[in-house]
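I opened this notebook page to record what I looked up in one structure. The entries follow the order in which I worked.

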Amino acid sequence: MSRNVSVAERRDEGGLLETIKVIVQALVIALVIRTLLFQPFNIPSGSMIPTLLIGDYVFVSKYAYGYSNYSLPSVPYLDWRLDLFSGRVLGSQPKRGDVVVFKLPRDNETDYIKRVIGLPGDRIQMIEGRLYINGEIVPREPKPKEKHEGRDGREVEVPTYTETLPGGVAHTIIEIEGDHGYKDNTELFVVPPNNYFMMGDNRDNSTDSRFAPEEGGVGYVPFENLVGRAEIIFFSVQKDEYALAFWRWPWTVRWDRLFKPAH
């Protein structure tokens with residue numbers, strides 16, 4: 001026996017379909033934005049202090065260096081990723097001094113964020129805490145000491161400098177252990193073609209290109225592994241606080257860091 005569908009039931013079905021349609025459209029738009037334009041990234045470690053702090057959230061521009069398979073969505077922990085092409089599409093080379101998110105070369109899965117120090121063909125070396133690029137010492141000017149967390153977890157005053165890279169990018173670095181920390185003296189690195197040398201601004205607490213992959217480090221980073229360039233801090237909470245705990249925001253959000261450049 002057939003049942004007559006009431007006007008109210010048809011209206012409810014139409015409303016449900018319209019809601020599903022809106023949700024699907026919103027998800028597609030969000031996926032396109034995240035894949036092609038901007039991706040949010042949370043700072044999980046202190047390797048980029050004082051430029052970026054643990055608890056900062058930054059927008060990364062995906063279009064800055066073009067697109068590779070590492071720019072496309074993946075499923076964490078399942079070792080699955082879209083594999084549509086090799087190399088980069090619409091590729092543009094990073095500039096020295098850019099703050100970059102990239103896939104760690106030794107697993108091609110973990111996101112890291114560091115500053116581009118060496119370009120293809122550059123010779124990079126640390127000698128007594130000073131950075132040398134192509135045989136020339138990189139100038140730095142001392143700043144007032146800043147308070148940051150040391151290796152033992154306590155807050156201490158640390159030597160702080162403004163370092164100016166070839167090309168003119170000036171940024172702040174800290175040297176928790178002065179000029180005699182681990183990897184403040186290194187061998188001479190020659191950056192291979194199509195690769196980059198990355199370092200953290202927290203020079204004595206950054207596992208970066210000074211450390212070989214077999215040491216648990218980054219090594220040289222292939223152009224293909226770049227995800228995007230850090231642009232702006234859009235949110236920031238104190239260390240060990242949860243960003244979604246909105247009822248604590250008046251006390252935990254670092255309001256002075258919102259909308260600051262991430263480089």
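The entries below go from the whole chain to its strands and then to its salt bridges.

**Entry 1, the chain as a whole.** I noted at the outset that this is a predicted model. I counted 2 helices and 16 strands in the chain. Of its 263 residues, 42% are buried. I then looked up the accessible surface, which comes to about 14,500 Å², with 58% of that area belonging to carbon and sulfur atoms. Among contacts with a separation of 6 or more, 60% are between residues 24 or more positions apart.

**Entry 2, an open sheet.** I traced 4 antiparallel strands that form an open sheet in the order β9-β8-β7-β13. At its edges I found β9 (136–137) and β13 (189–190), each of which pairs on one side only. I followed β13 to its neighbour: strand β7 (residues 123–127) pairs with β13 in the antiparallel sense over 2 bridges. Within this pairing, Ile124 has Phe189 of β13 as its bridge partner.

**Entry 3, strand β6.** Which strands pair with β6? I found that strand β5 (residues 99–103) runs antiparallel to β6 and is joined to it by 5 bridges. Here Val99 stands opposite Arg115 in β6. Strand β14 (residues 195–199) also pairs with β6 in the antiparallel sense, over 3 bridges. In that pairing I located Gly118 opposite Phe197 in β14. I also checked burial: strand β6 (residues 111–118) is largely enclosed by the rest of the structure, because 6 of its 8 residues are buried.

I recorded a count of 11 salt bridges. How are Asp56, Arg254 and Arg257 linked? They form a network of salt bridges. In the Arg254 to Asp56 pair, the closest N and O atoms are 3.5 Å apart. Arg254 lies in the segment after α2 (249–252) and Asp56 in strand β2 (residues 56–61), so this pair ties together parts that are 198 residues apart in sequence. Asp56 also meets Arg257 in a salt bridge, at 2.7 Å from N to O. Arg257 lies in the segment after α2 as well, so its pairing with Asp56 in strand β2 ties together parts that are 201 residues apart in sequence. I found Asp56 and Arg254 buried, and Arg257 is buried too.

I looked up Glu163 and Arg203, whose closest N and O atoms are 2.7 Å apart in a salt bridge. Glu163 lies in strand β11 (residues 155–164) and Arg203 in the loop between β14 and β15 (221–222), so the pair ties together parts that are 40 residues apart in sequence. Both Glu163 and Arg203 are buried.

Definitions and conventions:
Residues numbered from 1 in each chain as written. Predicted model: local features only at pLDDT ≥ 70, side-chain atom pairs only at ≥ 80, totals over all residues. Heavy atoms only, no water. Pairing = 2+ DSSP bridges. Buried < 20%, exposed > 50% of the residue type's maximum accessible area, 1.4 Å probe, protein only. Contact = heavy atoms within 4.5 Å. Areas by Shrake-Rupley, 256 points an atom, 1.4 Å probe, with all protein chains shown as cover. Salt bridge = Lys/Arg side-chain N within 4 Å of Asp/Glu carboxyl O.
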